[in-house]
Amino acid sequence: MDGLDSLRSTWLEKIAGAADEATLEEFRVAAVGKKGEISLKMRELGKMSPEERQVAGPALNALKNEVNAALAAKKAALGDAALDERLRAEWLDVTLPSRPRRQGTIHPVSQVTEEVTAIFADMGFTVAEGPQVETDFYNFDALNIPGHHPARAEMDTFYMHRKEGDNRPPHVLRTHTSPVQIRHMEAHGAPCRVIAPGRVYRADYDQTHTPMFHQVEGMAIDTDISMANLKWVLEEFFTAFFGTKVRTRFRASHFPFTEPSAEVDIQCSFEGGTVKVGEGDGWLEVLGSGMMHPKVLQAGGIDPDVYQGFAFGMGIDRIAMLKYGVPDLRAMFESDLRWLKHYGFGALEAPAVHSGV
Ligand code: DAH
């Protein structure tokens, strides 16, 4: 059969030069596809004499096999090349340092709440919680603050809106954490030792007041609790919290829910415009406290002839500012990222009593 040699060299050359798999596929169709050049040649076998066919048949078959083998080999080579190219292009240096990611920080109030909790937990106090939207009964009446009492007005209370004609007793945003005392006594009775940290609300705004701030309430009830226990617990707390021996000063005061009542100052110096706790002969007021009023114990379902308790309420933000040198309370709650980055804590700086909190 004529022309087989040139057919052979043409196709083998084309296949060898194919630049990619798509071109190679075109060549395959054109050579050995149904209507390919070699396939058409094979159809011609039918018109040949048996003698001619005996020569041309094997020769054509051999050509077809050779072309198919060349196609397969080239296809494999092109595949390898494509893979090599991908490997080169997608090369990655896994030893490079990763891109920096913005990380949040723990807010000083959260950090200090954890610190306070750790220290009181070490003295056997558990944590109690109550709602931030309170009834005026828990926020005032049960704490021996009757309706006409000036403390209600003094606290700049936020009242929840009521529809006209809705005569239910009002709800308030709790003005202090003291209502948790009542809720805890009702639920768990005596004896008990708890702290109740959380948000409280008063309509007030200046350098040392924000409408929302944080308090921690403390309460210990038993059959032989006295002011001496209160003083020991508080001095123990401040010494652990500030990491230095802190003296306290109890000043006689008045709260409706305690009798006797005391405001507590901690020792500090004010030299050079900075406050240093635990030294000097200055004093700074940090909390209110006292022996729980018999009416408050009663409101919580506890017999005041059998049990006594001490209680205190302390500003968390206040002691956070003192310990970490925050000058303005308002900045605490403005969500300024630069402020948060500066005063915030890393996630792994977990407070514990023995890690020098
Ligand atoms: N509830 C008071 C306030 O917010 C603080 C306080 C004073 C709490 C005396 C007490 C206490 O438990 O005994 O101003």
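Reader: How far is an oxygen atom of the ligand from an N or O atom in the side chain of R202?
Author: Happy to start there, with the note that this is a predicted model in which local features need pLDDT of at least 70 and side-chain atom pairs pLDDT 80 or more, while totals for chains, interfaces and linings use all residues. Residues are numbered from 1 along each chain as its sequence is written, and side-chain values use heavy atoms, with hydrogens and water left out. The pair is a polar contact if its N or O atoms lie within 3.5 Å. For R202 and the ligand oxygen, the separation is 2.8 Å.

Reader: How much of the ligand's accessible area does the protein cover?
Author: Accessible areas here come from the Shrake-Rupley method with a 1.4 Å probe; for residues, only the protein chains shown count as cover. On its own the ligand has 350 Å² of accessible area, and the protein covers 91%.

Reader: In which pocket does the ligand sit?
Author: A pocket is an open set of points on a 1 Å grid over the protein atoms alone, where a 1.4 Å probe fits and protein lies on both sides within 12 Å along at least five of seven lines. A molecule sits in one if more than half of its atoms lie within 2 Å of its grid points. By that test, the ligand sits in the largest pocket.

Reader: Which elements give two or more residues to the shell around the ligand?
Author: Strands are DSSP runs of E with at least two residues, and helices are runs of H or I with at least four, numbered from the N terminus. The elements you ask about are β5 (212-222), β9 (282-292) and β10 (308-315).

Reader: Which residues come nearest to the ligand, and how does the shell divide by type?
Author: A residue is near if one of its heavy atoms lies within 4 Å, and of the 15 residues around the ligand, H176, S178, R202, Q215 and E217 come nearest. For the types, Ala, Val, Leu, Ile, Met, Phe, Trp, Tyr, Cys and Pro count as nonpolar, Asp, Glu, Lys and Arg as charged, and the others, Gly among them, as polar. The shell divides into 4 nonpolar, 9 polar and 2 charged.

Reader: Which residues of helix α8 are buried?
Author: Buried means under 20% relative accessible area, exposed over 50%, and partly exposed in between (1.4 Å probe, protein chains only). The helix covers residues 179-188, and G189, with a positive phi near 65°, follows it. The buried residues are P179, V180, Q181, I182, H184 and M185.

Reader: Are N144 and S335 buried or exposed?
Author: Each has a positive phi without being a glycine, about 65° for N144 and about 55° for S335. N144 is in the loop between α6 (136-139) and α7 (150-154), while S335 is in the loop between α11 (316-324) and α12. With a relative accessible area of 18%, N144 is buried; at 58%, S335 is exposed.

Notes. A polar contact is a pair of N or O atoms within 3.5 Å; within protein, one must be able to donate a hydrogen and the other to accept it, and residues adjacent in sequence count only if both atoms are side-chain atoms. On a 1 Å grid over the protein atoms alone, a cavity is a set of points where a 1.4 Å probe fits but cannot get out, and a pocket is an open set with protein on both sides within 12 Å along at least five of seven lines; lining residues have an atom within 4 Å of a point.
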